[in-house]
Amino acid sequence: MAVHDLDKAHAVHAALLALFIQEHGGTSNAGALAKAYSLCDAAVEAVNDVESRVAVRGVKSLATLLYSDDGHHGIKMGDLHGVHALRLQIANALSAFRGRLDVLGTRKPSRPEIPAVVEPKHLRVLVVEDNRDSAESLRRLLELCGYAVTIAESAKEGLDVARSILPDVVLCDIGLPDSDGFSLARALRKNPETSTARLIAVTAYGKDEDREQSEKAGFVLHLLKPVSPSTLLRVLEDVAPPTKSADA
């Protein structure tokens, strides 16, 4: 019977996400490449599973392309389109790895696919979620795909942050420690500065009355957890990029 160290595998997955967020790529970066290799090797050691290892080996190969510019293994310097394409492929491979870990851990797996055609619009995204691990995982995924992400862990903090950053999109849980997402949505809609934000509920509350409350509060979408990365990115793709006013 296969033996897996899932705690180690999840830690490696998080470390790989952090690495690719911090080190954008497109130029030779021996340090980042060595770290990527080391983390991928650790992932392979942690999980005795063919599908997981295939995904990790894909990450390792893509890291070679992302952090080399020798003309043989890497992409050309300044090729922003090539860098973006590689980073999305890496995001896809990492999501496949994470989805496989969910299966191995007997948790309900999320769909791992991330469409390779997504073009980031550099939207300001506010994530209101009191589960820190869930919020951080979501932040890393979205930042890897080019979005500017801020996290709030309560309704009050979400309202304060929204007034400060004026987000284009708010991904909001319904069950929050100090209030609920419905109240926050109504407050955001009432404030002229935040009223135009696209409000999306991301929640485990899936009854018909929950959806009705979401609509009445001002949410434009009601997504049930766990939301697949591909679904979430497609939703963000539908959000028009921010436009500057004529007076700007």
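Residues are numbered from 1 along each chain as its sequence is written. Because the model is predicted, local features need pLDDT of at least 70 and side-chain atom pairs count only at pLDDT 80 or more, while totals for chains, interfaces and linings use all residues, and side-chain values use heavy atoms, with hydrogens and water left out.

**Figure 1. Overview of the chain, with its nine helices and five strands.** From the N terminus on, the elements follow the order α-α-α-α-β-α-β-α-β-α-β-α-β-α, helices (H or I, at least four residues) and strands (E, at least two) being DSSP runs numbered from the N terminus. Of the 248 residues of the chain, 46% count as buried.

**Figure 2. The salt bridge between Arg98 and Asp102 within helix H4.** The closest N and O atoms of Arg98 and Asp102 are 3.4 Å apart, a salt bridge being defined as a side-chain nitrogen of Lys or Arg within 4 Å of a carboxyl oxygen of Asp or Glu. Both residues lie in helix H4 (residues 80-104), where they are four residues apart, about one turn of the helix.

**Figure 3. The salt bridge between Glu45 and Lys8.** The side chains of these two residues meet at 3.8 Å, N to O. Glu45 belongs to helix H2 (residues 30-46) and Lys8 to helix H1 (residues 6-22), so the pair ties together parts that are 37 residues apart in sequence. Glu45 is exposed, with a relative accessible area of 63%, whereas Lys8 is partly exposed, with a value of 33%. A search of the whole structure finds 11 salt bridges.

**Figure 4. The salt bridge between Asp168 and Arg124.** In this pair the closest N and O atoms are 3.5 Å apart. Asp168 is buried, with a relative accessible area of 14%, and Arg124 counts as partly exposed, at 34% relative accessibility.

**Figure 5. Strands E3 and E4, paired in the parallel sense.** Strand E3 (residues 169-172) and E4 pair over four bridges, strands being taken to pair if DSSP finds at least two bridges between them. Val170 has Leu199 as its bridge partner in E4. Strand E4 (residues 198-203) is mostly covered, as five of its six residues are buried.

**Figure 6. The loop position of Lys225.** Lys225 is placed in the loop between strand E5 (221-224) and helix H9 (229-237), and is partly exposed, with a relative accessible area of 35%. Its C-alpha atom is separated by 9.0 Å from that of Gly206, although the two residues are 19 residues apart along the chain.

Definitions and conventions: Buried < 20%, exposed > 50% of the residue type's maximum accessible area, 1.4 Å probe, protein only.
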